[in-house]
Amino acid sequence: MWAWRKEILKLLLLIIFAAILNTFIGYLSQMLILILLGTLIRQAILITRLEHWLSRGAGGGIPKGSGIWEDIYYHFYRIRAAKKKRKKQLSKIIKQFRQSTDVLPDAAVVLGKDDEIEWSNKLAKKILGLNKSDKGQRIPNLIRQPEFSQYLKNSQEYDSLIINSPVDSQSILQLRLVKYGSGQRLLIAQDVTQQKKMEVMRKNFVANVSHELRTPLTVLKGYLETLEDMEHSDESQLLRHSLKQMSTQTARMQYLVNDLLLLARLETQQQKTNYVDVAELIQTICNESAQDGVNLRIDLQLETQLGLEGNKEELRSAFSNLINNALKYSPLNSKVKVIWKKQANELYLDVIDNGEGIAPAHIPRVTERFFRVEVKRPHKLTGTGLGLAIVKHVLMRHEAKLEIKSQLGVGSQFRCVFITKNRKL
Ligand code: ADP
């Protein structure tokens, strides 16, 4: 602003000087033309100098100028210096990012809109076999496993994908896809071979121990039953009490072993499926839960006769666990609603009770193995703490999910949600 005023002032002074000179020698119009011409030529020279400087990339020192031009050059210089500084900072950040991603324990690959590789770290070469020269190539053309291509297409449906490493078939990889930016995705691959080995060892160990415990428990139970049935002439209170306790605990251990074996089977064995008449299955379970054939506490509503493609025995375990829990954790005089219905694309099994309910903090944990809510109850309730873990596993194997709604002191609703899409009904 000031620079402009100075320029105008300079011009005015020249005009005043010409006017004074005019009183002595005349020629005012010629002098004014000369002044304007001079000013124009000076501005043209300075503009040309600026254009030259900019066309050379505004490098080196700033050209000499005066007045407004000095200011213009200075502003250009400042912008250029700030840009240089930002560029330096950015390349420092990129360098740090590269260094940190190279020491990451996981392989990381940035994928573009068409799943083409935009960038990958060092480990991506080691565990996914991707080279720097693969940049720009579509990743499904390099990792040619059908489940991987499927995962890239429908990644929202899965949390992660387990595949064998394309470099070493003995290695197991866990892949995760994270969306970011405009259509880009970050693929993270972790070598989980060791974890998977440990998991298999744990599953085998539990399955073997449970299996080995079965026979001794059956023998023990047989002897205990014989002893309980025997007439004891000198039968003492202590002996009777001890035998009863031993029988109860042996039965408990048998339930535990059976549940553990069932869980091991659910985790390891291939599922055999058939068409299951769910309405009939639920009816049988409800009848079995009462001694005299009809359970008066259960209000059964079979709103659909549709069945499922699934494993009948697994579904029987899951449904009976839910129904027996509802009966167990609610007062003896209360009703339990069991509803089988269809809504839009889904089939629901609802088990609703007016029982003790579950505290919000415990709801996410009740499907964990051995998790039991310890609350004061009028009478002791036995259980293995494995029932809901079994339910969760069975539902997972049927591509279904368990939804739990519960309020302490009011009651609970356990809902099994089966999706009917692509399912033979
Ligand atoms: P278990 O019944 O053998 O203890 P589960 O895995 O079936 O084991 O259930 C885990 C825990 O969840 C139970 O101990 C109980 O505290 C709680 N729970 C399950 N079902 C219900 C229910 N219908 N109402 C209240 N609490 C329940």
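Reply: A residue counts as buried when its relative accessible area is under 20%. Please keep in mind that this is a predicted model.

Me: OK, then take Cys416: buried or exposed?
Reply: Cys416 has a relative accessible area of 0%, so Cys416 is buried. Cys286 is buried as well, since its relative accessible area is 4%.

Me: How many disulfides are there?
Reply: The count is zero disulfides. For a pair to qualify, the two cysteine sulfur atoms would have to be within 2.5 Å, but the cysteine sulfur closest to that of Cys286 belongs to Cys416 and is 13 Å away, which is too far for a bond.

Me: Changing topic, how is the chain divided into domains?
Reply: The domain assignment gives four stretches, namely domain 1 (2-98), domain 2 (104-191), domain 3 (195-268) and domain 4 (274-419). For domain 1 and domain 2, the C-alpha centres lie 55 Å apart.

Me: And the largest pocket, which domains does it lie between?
Reply: The largest pocket lies between domain 3 (195-268) and domain 4 (274-419), because both of these domains give residues to its lining. The space in this pocket comes to about 1,300 Å³.

Me: What lines it?
Reply: The lining of the largest pocket has 45 residues, and those nearest the centre are Asp259, Asn321, Thr384, Leu386 and Gly387. The elements that contribute two or more residues are helix H8 (237-268), helix H10 (312-328), helix H11 (387-397) and strand E12 (411-419).

Me: Which element gives the largest share of that lining?
Reply: That is H10, which supplies ten residues to the lining of the largest pocket.

Me: What's the make-up by class?
Reply: The lining of the largest pocket divides into 13 nonpolar, 18 polar and 14 charged residues.

Me: On to charges then. How many salt bridges does the whole structure have?
Reply: A search of the whole structure finds 13 salt bridges. One of them joins the side chains of Arg185 and Asp115, with an N to O distance of 2.9 Å.

Me: Where do those two sit in the chain?
Reply: Arg185 is in strand E5 (residues 184-191), whereas Asp115 is in the loop between strand E1 (107-111) and strand E2 (117-120), so that the pair, 70 residues apart, links distant parts of the chain. Arg185 and Asp115 are both buried.

Me: What about Glu267, which residue does its side chain meet in a salt bridge?
Reply: The partner of Glu267 is Arg202, at an N to O distance of 3.9 Å. This pair also links distant parts of the chain, with Glu267 in helix H8 and Arg202 in helix H7 (residues 193-229), 65 residues apart. Glu267 is partly exposed at a relative accessible area of 22%, and Arg202 is partly exposed too, at 38%.

Technical notes:
Residues are numbered from 1 along each chain as its sequence is written. This is a predicted model: local features need pLDDT of at least 70, side-chain atom pairs count only at pLDDT 80 or more; totals for chains, interfaces and linings use all residues. Side-chain values use heavy atoms; hydrogens and water are left out. On a 1 Å grid over the protein atoms alone, a cavity is a set of points where a 1.4 Å probe fits but cannot get out, and a pocket is an open set with protein on both sides within 12 Å along at least five of seven lines; lining residues have an atom within 4 Å of a point. Grid points are joined across faces, edges and corners, and a volume is the space filled by probe spheres set on the points. Helices (H or I, at least four residues) and strands (E, at least two) are DSSP runs, numbered from the N terminus. Ala, Val, Leu, Ile, Met, Phe, Trp, Tyr, Cys and Pro count as nonpolar, Asp, Glu, Lys and Arg as charged, and the others, Gly among them, as polar. Domain bounds come from an automatic or database domain assignment. Buried means under 20% relative accessible area, exposed over 50%, partly exposed in between (1.4 Å probe, protein chains only). A salt bridge is a side-chain nitrogen of Lys or Arg within 4 Å of a carboxyl oxygen of Asp or Glu.
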